[in-house]
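Here is a short report for a first look at one protein structure. Keep the sequence and the model open as you read.

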Amino acid sequence: AVLLDDTVRGAANPWGVVVSPDGRWLCVNASGTHELMVVDIAEMMKRLTATEKPEEVVNDLSFLYDIKTRVQLEGQGPRALTVCGERVYSAMYFGDSLNMVELWEDGPGAAVELPLTDAPPQLTPVRQGEMAFNDATLCYQHWLSCASCHPEARTDGTNWDLMNDGIGNPKQSRSLLYTHRTSPVMITGVRASAEIAVAKGFELIQFHELPQPQLDGVDAYLRTCEPVPSPYLKPDGSLTDAAKRGKVVFEGKAGCVKCHTPPYYGDKKKYAFGLGTDGERDREFATPILIEIWRTAPYMYDGRAVTIRDVITTDNKNNKHGNTKDLTPQEVDDLAEYVNSL
């Protein structure tokens with residue numbers, strides 16, 4: 001792997017990759033910085049072959065120096081990417097337009113915008129908030145956007161060590177679905193509200209203070225997020241027989257409903273489960289909601305559990321807040337089916 005970033009300038013949110021028909025150029029959209037990255041493949045392979053420590057290439061911000069060109073595109077959010085002959089086309093997610101870049105013998109030319117409509121789209125506050133959420137130019141040195149860790153406002157399934165609660169304690173990024181309705185937020189409940197978390201996220205993670213109207217737009221965008229139907233449901237949207245049995249276990253024998261109460265299947269409280277490392281053994285964590293839990297693996301604050309079944313059988317079996325240690329294998333399977341159906 002090689003880095004698209006430069007030493008003091010990130011290339012956030014790579015999206016789409018194509019190779020020119022002659023095999024000369026590798027093209028990648030940097031969706032967060034609204035650029036097309038064009039890399040000389042032959043020169044990149046020469047450097048990879050010549051390097052004495054290939055395992056260190058992934059951390060070398062200067063590796064593609066002089067063989068990579070950053071082409072600034074018109075508009076925001078290039079995503080879909082295709083190549084036709086000597087021309088590369090990038091589709092701009094936040095605008096009704098394409099960008100066309102010609103690939104010359106000595107490198108790419110400047111971008112040419114190709115509007116698809118006669119008038120630019122009207123931007124609502126929600127749409128402006130979604131744009132800010134995905135815009136890495138609102139971050140110091142353009143390293144990341146909110147969407148880098150929260151794609152589609154969900155989770156990237158990765159542990160991050162951020163300054164919201166001090167450093168040295170990496171934790172999972174969380175889905176932002178319904179965060180404006182289920183305060184406190186962050187995995188440790190360190191923020192009293194989602195509005196505070198959004199503002200502090202720009203300030204302490206992206207090192208950029210956003211004007212209040214833009215913050216309001218990001219909040220407005222997040223409030224519009226709605227869950228998608230779980231693939232664990234029947235085609236008609238109803239529970240499977242296993243999930244129906246699991247619902248009984250969830251509300252009865254296992255006692256999950258005590259903390260994961262409808263309608264969001266969370267109780268807006270914090271608990272110390274003794275799950276942390278030696279220095280965090282008694283740290284409190286906010287009860288996560290279970291809606292769309294099927295799409296936010298891995299689980300627990302540090303991603304130690306790969307599946308919901310792992311949560312039930314390994315990390316929750318001796319939990320004083322539940323009673324899952326006494327479940328039969330069938331009850332465990334049924335309970336996992338129901339939780340994944342939410």
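Leaving aside its neighbours within four places in sequence, which residues is Val-218 in contact with? They are Gly-129, Ala-132, Phe-133, Val-198, Phe-202 and Leu-210. Contact means heavy atoms within 4.5 Å.

A word on the source comes next. This is a predicted model, in which local features need pLDDT of at least 70 and side-chain atom pairs count only at pLDDT 80 or more, while totals for chains, interfaces and linings use all residues. Residues are numbered from 1 along each chain as its sequence is written, and side-chain values use heavy atoms, with hydrogens and water left out.

## The nonpolar core

Val-218 belongs to the largest nonpolar core, which has 40 residues. Val-218 is among those with the most contacts inside this core, together with Phe-133, Phe-202, Leu-222, Phe-250 and Leu-335. Helices 2 (125–133), 3 (146–149), 4 (194–204), 5 (212–223), 6 (241–251), 7 (308–315) and 8 (329–341) are the elements that give two or more residues to the core. Helix 8 gives the largest share, five residues.

Some terms need their cut-offs. A nonpolar core is a set of buried Ala, Val, Leu, Ile, Met, Phe, Trp, Tyr and Cys residues joined through side-chain atoms within 4.5 Å. Buried means under 20% relative accessible area, exposed over 50%, and partly exposed in between (1.4 Å probe, protein chains only). Helices (H or I, at least four residues) and strands (E, at least two) are DSSP runs, numbered from the N terminus. In soluble globular proteins, nonpolar side chains tend to be buried together.

Strand 6 (residues 87–92) pairs on two sides. Five bridges join strand 6 to strand 5 (residues 78–84), and the two run antiparallel. Six bridges join strand 6 to strand 7 (residues 97–104), again antiparallel. Two strands pair if DSSP finds at least two bridges between them.

Both pairs are hairpins. Strands 5 and 6 have two residues between them, and Gly-85 in that turn has a positive phi of about 65 degrees. Strands 6 and 7 have four residues between them. Leu-81 stands opposite Ser-90 in strand 6, and Met-92 stands opposite Ser-97 in strand 7.

Which residues of strand 6 are on its covered face? They are Val-88, Ser-90 and Met-92. The uncovered face has Arg-87, Tyr-89 and Ala-91. In a regular strand the side chains alternate between the two faces of the sheet.

## Cavity and pocket

A search of the whole structure finds one cavity of 30 Å³ or more.

Residues lining the cavity include Leu-176, Tyr-178, His-180, Leu-222 and Cys-225. Leu-222 is also one of the core residues with the most contacts. In the pocket, 17 residues form the lining, and the closest to its centre are Trp-143, Leu-144, Ser-148, Cys-149 and Trp-160.

On a 1 Å grid over the protein atoms alone, a cavity is a set of points where a 1.4 Å probe fits but cannot get out. A pocket is an open set with protein on both sides within 12 Å along at least five of seven lines, and lining residues have an atom within 4 Å of a point. Grid points are joined across faces, edges and corners, and a volume is the space filled by probe spheres set on the points.

## Backbone exceptions

Most residues other than glycine have a negative phi, and most peptide bonds are trans. His-142 has a positive phi, near 65 degrees. His-142 is found in the loop between helix 2 and helix 3. Tyr-265 also has a positive phi, near 60 degrees.

Is Tyr-265 buried or exposed? Tyr-265 counts as buried because its relative accessibility is 15%. Its loop runs between helix 6 and strand 12 (270–272). Pro-263 lies in the loop between those elements too, and the peptide bond from Pro-262 to Pro-263 is cis, with omega near 5 degrees. Another cis peptide bond joins Ala-297 and Pro-298, with omega about 0 degrees.
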